[in-house]
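Biologist: Hi, I have a model open and would like to walk through its inside with you. Could you start with the cavities?

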Amino acid sequence: MSSNNKLTAKLMIQGTSSSVGKSVLAAAFCRIFYQEGYHVSPFKAQNMALNSFVTAAGGEMGRAQVVQAQAAGVEPEVRMNPILLKPSGPTGSQVVIMGKSQGNVTALRYHGEYQRMTWPYVTEALHGLLNEYEIVVIEGAGSPAEVNLKSNDIVNMRVAMEAASPVLLVADIDRGGALASVVGTLELVEPEERAMIKGIIFNKFRGEIKLLQPALDFIEKKTGIPVVGVVPYFKIRIPDEDSVALSEADERPTVSLTEQLDIAVIRLPYISNFTDFDALQDEPDVSVRYVTDPANLGKPDLVIIPGSKNTLADLRFLHESGIGNNILTLCTEEIPVIGICGGYQMMGRLVKDPLHTESELEEVAGLGILPMVTEFYPQKHTVQSKGTILTDRGFFKACTGETVVGYEIHMGRSTLDEGHLPLFNLTSNGESNLDGLQAGNSYGSYLHGIFDNDSLRASLLNWLWERRGSKRPVEASLSQAALRESAFNELADLVRQNVDLERIRAIMGIRADS
């Protein structure tokens, strides 16, 4: 175990399984300590997610740690998530180390020597943060009791031991079996690891706390570890870490909406960065639904083809499922279609991957909606971008010349057919480049986070309402920055009210007068 040059308070959130709410609770503690005036950083050694982000320095990291950094009031940086795995197929993932892609690796190879090789990156990033921040809130992954993966663990108890961090064990009580999962987890970890677990939190509780009290008393007596919180089930808008959230949402067919716009997002098998659409979901006059079944696409106000971690495989899915044909039919009926990143690439005439950068497929015919061809290259383009809206067509007419910001994560380069004008003039790392394309009511761009631009989003929604022959029923779009801050503060208040914060501070070694 390494020592630090300064005394930093630590708190690690581990779970009895995946999807118990570790990421959101870590964000809550980041905001709570930030509100109390501490300099706070999140940390997760290894993240497996298709929702990623590009830092100001051009490094790629998991979206969950970006959200936690925002909750902590600090700029996201790749040390907060040194290892990112982006699934690209059933048994393999693209490996991103300290923000840079290292190519695709099979799960079998990664969980052997490759994973052991990444540990020095984890320790260097961890101790760098511990030396620079007053509090580091650490998140685990899955469960610390996965005995088949334990020998090469770089994200759970090995991190807790390295950081000398107390652990709070979180269980999802909504799904049932929470008591057994807590006891089982404690039985399966090593004695020295069990000693690191200083408190238990039951998350997503619905019901009367008095009826739960006998269970809480039992678990404390059985384990000897205090229950430091029971957090109620809540629906505060905090971006989800991965597509598990989409799995829990029912796909519903198109419905008749008179007070809301119907926006259909194609749920690709390898969908990535679906947080791009959170800003649309936050609007009261918008209903966003995810579609996998062609029968459920219907005739929405807008179709969005999202980003993808495996563009060629997802493009083949569009062709084989029939959704691609449905989208083409909607185009002939002048229904607007927007493609983001991989979705933008799919809207072109052809997608080529001659070096098998992304998949075993060499090329797949695109939907043919946009006049362009895309080719994949080994070098990954990861930048934050800012620029100007060039076009004055369609919904851009109301915001031509205004600033647009976002980030790019792609390995493909798209070449527009001659004579077609781009949507944006973007600047990243001091260099300018043109991005995006329009054909009729169809648009595409490499820019993630495009709908977070308040003016652009308002222009889009006003335009969609005008196409219905109506005026938008709300006065103005909500500011995404203000909504995010409000959500973090609401989350912090909820968790404060339902955990024993004084006891947690004591577990962390934070004095009441510090």
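Modeller: Happy to. In the largest cavity, strand S22 (403-416) gives the largest share of the lining, three residues. Helices (H or I, at least four residues) and strands (E, at least two) are DSSP runs, numbered from the N terminus. A cavity here is a set of points on a 1 Å grid over the protein atoms alone where a 1.4 Å probe fits but cannot get out, and lining residues have an atom within 4 Å of a point.

Biologist: Before we go on, what kind of model is this?

Modeller: This is a predicted model, where local features need pLDDT of at least 70 and side-chain atom pairs count only at pLDDT 80 or more, while totals for chains, interfaces and linings use all residues. Residues are numbered from 1 along each chain as its sequence is written, and side-chain values use heavy atoms, with hydrogens and water left out.

Biologist: Thanks. Which residues lie nearest the centre of the largest cavity?

Modeller: Ser 308, Lys 309, Glu 358, Ile 409 and His 410, out of 17 lining residues. The volume is about 170 Å³, counted as the space filled by probe spheres set on the grid points, which are joined across faces, edges and corners.

Biologist: And the classes in that lining, how many of each?

Modeller: Four nonpolar, nine polar and four charged residues. Ala, Val, Leu, Ile, Met, Phe, Trp, Tyr, Cys and Pro count as nonpolar, Asp, Glu, Lys and Arg as charged, and the others, Gly among them, as polar.

Biologist: What about the second largest cavity, how much space lies there?

Modeller: About 60 Å³. Its 13 lining residues include Ile 338, Phe 395, Phe 396, Tyr 443 and Ile 450, the closest to the centre. By class, that lining has 10 nonpolar, three polar and no charged residues.

Biologist: Now salt bridges. How many does the structure hold?

Modeller: There are 21, each a side-chain nitrogen of Lys or Arg within 4 Å of a carboxyl oxygen of Asp or Glu. One of them pairs Glu 60 with Lys 380 at 2.7 Å, N to O. Glu 60 sits in strand S5 (residues 60-62) and Lys 380 in strand S21 (residues 372-389), 320 residues apart.

Biologist: Is Glu 60 buried or exposed?

Modeller: Buried, because its relative accessibility is 1%. Buried means under 20% relative accessible area, exposed over 50%, and partly exposed in between (1.4 Å probe, protein chains only).

Biologist: Last topic: how many residues has the largest nonpolar core?

Modeller: It has 90, and such a core is a set of buried Ala, Val, Leu, Ile, Met, Phe, Trp, Tyr and Cys residues joined through side-chain atoms within 4.5 Å. Phe 29, Phe 33 and Val 159 are among those with the most contacts inside it. Helix H1 (residues 22-35) gives the most, eight residues.

Terms used. On a 1 Å grid over the protein atoms alone, a cavity is a set of points where a 1.4 Å probe fits but cannot get out, and a pocket is an open set with protein on both sides within 12 Å along at least five of seven lines; lining residues have an atom within 4 Å of a point.
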